[in-house]
Amino acid sequence: RTVLSHGSAKILLAFSLLCNVYLIYLLNQRITTVPSSSSSSSLEDVAIAVRTNKTGEKRYALREGNNNNKNTTLFEFDDNNKIIVNVGMPRTGTHSWINMMKSLYPTSEEFHHQIYDYEAQDLAELLLLGKRTNPTNPLYQKLTLPPSSFSSSGSVVRVMADHPSFLLAPIAKDFPHVYWIQVTRELESHVNSTLYMLNTWCQDRCVCSAAPRCSKGSTMALIDRLYFDKNHVLELMCENNGNAKLIPRDVVRTWLRGHEEETEAYLRDHPRFLRLSLEDGARENMKRMVHFLGLNESVLDLLDYESFHLKSRRGKRGS
């Protein structure tokens, strides 16, 4: 009986060590691809979120799929059917950009300015596993399944912007069929608009006892950790009674510039990547997007540029 117990203990110990090694391997797979300016603590938070559901119960197994081929997708995309993701940060004209895409693809139905039909664990798993994410993950499906109203003759697309799209650059290499667009903005203008956003739409972060975004497993809580809490921006705002104007501008500059540079570093070698500047205006940016997306340039003559200035507007969080 003693020998059996001792042998069982050895087996359990070996199994436990194997599981720990595998989890460390998964983390290292992501950590080794992160630019040096990125904080490893964000990745650690993601790994914790993967193993913790919204009720706080531990999950010891990742819902990893069986996508062994690095180029595996669930659909063969072509020139007429595309997935287009804007990884530009909030306050870089995401709402106006969505309207521009609607004018380019009037027969399409899927234009997602901010996505809500997923859980924090779905985002965490996607960021940690990339192409190995379980195919039932709703965010993974948005990057792999064909757009609604799929057509073999007309141009139909799925377009995504704002959150959580601005967090997806680290996994872009796992989805070579996706068209990735990064819209940037002049730094001081971006700082001013971001401070306005924090003062207008992020005050609930300072009263966590009553705010859904502050619950441990909420999607916004995870997005806060990976983006809004960078450089302790929200912490500094709440220390000043929710007044974002008292956050040192240098802190906000470092936060925004750092995220922008990390995003560009992840994407610069992607076969389908376009970087735009907000200050170039709607006409120039539309021309570059038409060329990037392989559309006929004649569409440019049909557009009403005055109806969608590519600028960050005040009036909706994340614009």
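**Close-up views of salt bridges and a helix contact**

**View 1. The side chains of E260 and R257 form a salt bridge, with an N to O distance of 2.9 Å.** A salt bridge here is a side-chain nitrogen of Lys or Arg within 4 Å of a carboxyl oxygen of Asp or Glu. The model is predicted: local features need pLDDT of at least 70, side-chain atom pairs count only at pLDDT 80 or more, and totals for chains, interfaces and linings use all residues. Residues are numbered from 1 along each chain as its sequence is written, and side-chain values use heavy atoms, with hydrogens and water left out. Both E260 and R257 belong to helix 9, three residues apart, about one turn of the helix; helices (H or I, at least four residues) and strands (E, at least two) are DSSP runs numbered from the N terminus. E260 is buried at 7% relative accessibility, whereas R257 is partly exposed at 28% (buried is under 20% relative accessible area, exposed over 50%, partly exposed in between; 1.4 Å probe, protein chains only).

**View 2. K230 and E262 meet through their side chains in a salt bridge of 3.2 Å, N to O.** K230 sits in the loop between helix 7 (219–228) and helix 8 (233–239) and E262 in helix 9, so the pair ties together parts 32 residues apart in sequence. K230 is buried, with a relative accessible area of 17%, and E262 is buried at 9%.

**View 3. Helix 6 (residues 187–201) packs against helix 9 (residues 249–267) at an angle of about 105°, with the axes 10 Å apart.** Helix 6 is therefore roughly perpendicular to helix 9 (65 to 115 degrees). Axes are lines fitted to C-alpha atoms, for helices over the stretch in contact, and angles run from 0 to 180 degrees between N-to-C directions. Residues in contact (heavy atoms within 4.5 Å) include L187, V191 and L198 of helix 6 and V252, W255 and L256 of helix 9.

**View 4. R249 in helix 9 and E188 in helix 6 are 61 residues apart and their side chains form a salt bridge of 2.8 Å, N to O.** R249 is partly exposed, with a relative accessible area of 29%, and E188 is partly exposed at 29%. A network of salt bridges links E188, R249, D250 and R253. The whole structure has 11 salt bridges.

**View 5. T92 lies in the loop between strand 1 (81–86) and helix 3 (94–104).** T92 is buried, at 1% relative accessible area. A polar atom of the T92 side chain is 2.5 Å from the backbone oxygen of M89.

Methods:
Angles under 35 degrees count as roughly parallel, over 145 as roughly antiparallel, 65 to 115 as roughly perpendicular and the rest as oblique. A polar contact is a pair of N or O atoms within 3.5 Å; within protein, one must be able to donate a hydrogen and the other to accept it, and residues adjacent in sequence count only if both atoms are side-chain atoms.
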